[in-house]
Amino acid sequence: YMGCVQMACHALDVLQAAQKVDTLSEALQDCDSVAATSCRVTPPHVITSPAELLPTLIHHTCPALVFGPESRGLNTHELSYAQHFIRIPSNPEYPVLNLAQAVAVCVYEAFQATARPPRRPTVEQCTNLELERFYTHLEAVLWTADYFHPNPSRSDQYKHSPWSRKQLQPLRNIFNRAGLTGEEVRKLRGVLAKLDGPPPSKKQKTKPVD
């Protein structure tokens with residue numbers, strides 16, 4: 001910590017306000033718009049530059065920028081929490097920037113965006129916590145519906161595992177791109193609850209009385 005204090009030139013208040021959490025999911029749970037930086041993301045994801053995305057992103061209620069560790073960047077599971085993807089334009093022969101450079105470029109573009117007329121989001125998106133709860137609910141319903149088709153004798157070992165997350169990833173990509181609102185997530189969970197419930201009982205037909 002003392003080393004960080006020495007490096008935090010004129011930014012001790014920022015360092016002291018920083019919060020440490022155990023997981024990326026926990027860090028993002030209150031965020032309503034998450035952008036991840038990566039040079040590995042490919043279509044169908046929409047990839048934007050910091051100058052294109054940040055003028056809108058900063059006007060969300062609780063936006064987040066996610067950067068990967070210096071040694072490896074963000075892995076597939078970490079990228080799955082994002083609804084937006086940033087690639088900083090650079091030389092295609094060596095597209096990798098170190099962490100400090102990537103943060104500096106993105107923060108600079110965010111600062112520049114504050115001087116322009118705000119490009120506010122048209123709707124208020126759901127929080128990341130609401131979205132993750134929806135994905136957990138969706139995964140449970142898909143297991144009940146036998147959507148994943150794992151080895152039946154070992155199905156419990158597959159649930160909530162890296163294998164299961166990989167099978168769910170294409171569906172996460174679809175909903176992440178949709179930019180769901182809180183109301184839309186609640187509607188979808190209502191549909192899931194109905195699908196997961198007992199089948200409706202058929203009413204007996206009664207003979208008409210002459």
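Biologist: What makes Glu130 and Arg186 a salt bridge?

Modeller: This is a predicted model, so the value is computed from its atoms. The closest N and O atoms of Glu130 and Arg186 are 3.7 Å apart. The cut-off is 4 Å between a side-chain nitrogen of Lys or Arg and a carboxyl oxygen of Asp or Glu. The value of 3.7 Å lies within 4 Å, so the pair is called a salt bridge.

Biologist: Where in the chain do the two partners sit?

Modeller: Glu130 is in helix 7 (residues 128-144) and Arg186 is in helix 10 (residues 182-196). They are 56 residues apart, and the pair links distant parts of the chain.

Biologist: Why is Glu130 called partly exposed?

Modeller: Its relative accessible area is 27%. Buried means under 20% and exposed means over 50%. Glu130, at 27%, falls in between, so it is partly exposed.

Biologist: What makes Arg172 and Glu132 a salt bridge?

Modeller: Their closest N and O atoms are 2.6 Å apart. That is within 4 Å, so this pair also meets the rule. Arg172 lies in helix 9 (residues 162-178), and Glu132 lies in helix 7, 40 residues apart.

Biologist: Are Arg172 and Glu132 buried or exposed?

Modeller: Both are buried. That puts each under 20% relative accessible area.

Biologist: How do you know that Glu183 pairs with Arg186?

Modeller: The N to O distance is 3.5 Å. The limit is 4 Å, so the side chains of Glu183 and Arg186 count as a salt bridge. Both residues lie in helix 10, 3 residues apart, about one turn of the helix.

Biologist: Why does Glu183 count as partly exposed?

Modeller: Its relative accessibility is 43%. The class runs between 20% and 50%, so Glu183 belongs there.

Biologist: Which residues are linked in a network of salt bridges?

Modeller: Glu130, Glu183 and Arg186. By the same rule, the count comes to 4 salt bridges.

Biologist: Which residues of the largest nonpolar core touch the most other members?

Modeller: Leu131, Phe134, Leu138, Leu168 and Val185, out of 13 residues. Helix 7 and helix 10 are the elements that give two or more residues to this core. The largest share, 7 residues, comes from helix 7.

Biologist: What does Leu138 touch?

Modeller: Leu138 touches Leu168, Leu171, Phe175 and Leu192, not counting residues up to four places away in sequence. Another core, of 12 residues, lies apart from the largest one and includes Val41, Ala64, Val66 and Leu79.

Key
Residues are numbered from 1 along each chain as its sequence is written. This is a predicted model: local features need pLDDT of at least 70, side-chain atom pairs count only at pLDDT 80 or more; totals for chains, interfaces and linings use all residues. Side-chain values use heavy atoms; hydrogens and water are left out. Helices (H or I, at least four residues) and strands (E, at least two) are DSSP runs, numbered from the N terminus. Buried means under 20% relative accessible area, exposed over 50%, partly exposed in between (1.4 Å probe, protein chains only). A nonpolar core is a set of buried Ala, Val, Leu, Ile, Met, Phe, Trp, Tyr and Cys residues joined through side-chain atoms within 4.5 Å. Contact means heavy atoms within 4.5 Å.
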